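This report walks through a structure for a reader who is new to the subject. Look at the sequence and the model first, then read on.

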Amino acid sequence: MDPSKETKPLTPGEQKVKKYVSNTAFAIELPFTLVGAVLFGGLIGYFLDHWLHTRVVFTFILGGLGFFGGVKEILRRLG
């Protein structure tokens, strides 16, 4: 067995840095989760409206569902 492949326990300073980096990455990711869900739902709604020759009915409905789905995903990740 290669001794360089063994994992060493982290020092308290390294644990603090690891937690800080993880929390920062999570905070940067959250807005993209919400905006991405709204854009995805709205884009599908837009194409449905275009295909079915409706005004903006499906864009608003699916954009709203994307918003609620994004909020649900954020709350799931926070909890």
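Is Gln 15 buried, partly exposed or exposed? Gln 15 is partly exposed, because its relative accessible area is 45%, a value between the 20% and 50% cut-offs. The model is predicted, and every value in this report is computed from it.

**Two helices**

Gln 15 belongs to helix H1, which covers residues 12–52. Helix H2 covers residues 57–78. The axes of the two helices come within 7 Å of each other and cross at roughly 160 degrees. This angle is over 145 degrees, so H1 is roughly antiparallel to H2. The crossing of H1 past H2 is right-handed. Sorted by class, the residues in the contact of H1 with H2 are 16 nonpolar, 8 polar and 4 charged.

Between H1 and H2 there is a loop, and His 53 lies in it. The phi angle of His 53 is positive, about 60 degrees, although His 53 is not a glycine. His 53 has a relative accessible area of 72%, and it is exposed because this is over 50%.

**Positions along the helices**

Thr 33 is a residue of H1. Its relative accessible area is 17%, and it counts as buried because that is under 20%. Which residues does Thr 33 touch, not counting those up to four places away in sequence? They are Glu 73, Ile 74 and Arg 77.

Gly 36 is also found in helix H1. With a relative accessible area of 33%, Gly 36 is partly exposed.

Leu 62 is placed in helix H2. Leaving aside neighbours within four places in sequence, Leu 62 is in contact with Gly 41, Gly 42, Ile 44, Gly 45 and Leu 48.

The table gives the separation in sequence and the distance between C-alpha atoms.

| Pair | Apart in sequence | C-alpha to C-alpha |
|---|---|---|
| Leu 62 and Leu 48 | 14 residues | 9.8 Å |
| Gly 36 and Gly 70 | 34 residues | 7.9 Å |
| Gln 15 and Ile 61 | 46 residues | 44 Å |

Leu 62 and Leu 48, whose C-alpha atoms are 9.8 Å apart, are also in contact with each other. Gln 15, the residue in the opening question, has its C-alpha atom 44 Å from that of Ile 61.

**Aromatic pairs**

A pair of aromatic rings is described by two values, the distance of the centres and the angle of the planes. How many aromatic pairs are counted here? The count comes to 2.

One of them is formed by Tyr 46 and Phe 47, with 5.6 Å from centre to centre and 65 degrees between the planes. The pair is edge-to-face, because an angle over 60 degrees counts as such. Tyr 46 is partly exposed, since its relative accessibility is 47%.

Phe 67 and Phe 68 form another edge-to-face pair. Their ring centres are 5.5 Å apart, and the planes are at 70 degrees. How do these two residues stand in accessibility? Phe 67 has a relative accessible area of 39%, so it is partly exposed. Phe 68 counts as exposed, because its relative accessibility is 57%.

Notes. Residues are numbered from 1 along each chain as its sequence is written. This is a predicted model: local features need pLDDT of at least 70, side-chain atom pairs count only at pLDDT 80 or more; totals for chains, interfaces and linings use all residues. Side-chain values use heavy atoms; hydrogens and water are left out. Axes are lines fitted to C-alpha atoms, for helices over the stretch in contact, and angles run from 0 to 180 degrees between N-to-C directions. Helices (H or I, at least four residues) and strands (E, at least two) are DSSP runs, numbered from the N terminus. Angles under 35 degrees count as roughly parallel, over 145 as roughly antiparallel, 65 to 115 as roughly perpendicular and the rest as oblique. A crossing is left-handed if the near helix is turned anticlockwise from the far one by less than a right angle, and right-handed if clockwise. Ala, Val, Leu, Ile, Met, Phe, Trp, Tyr, Cys and Pro count as nonpolar, Asp, Glu, Lys and Arg as charged, and the others, Gly among them, as polar. Rings of Phe, Tyr and Trp (its six-membered ring) pair if their centres lie within 6.5 Å; planes under 30 degrees apart count as stacked, over 60 as edge-to-face and the rest as tilted. Buried means under 20% relative accessible area, exposed over 50%, partly exposed in between (1.4 Å probe, protein chains only). Contact means heavy atoms within 4.5 Å.
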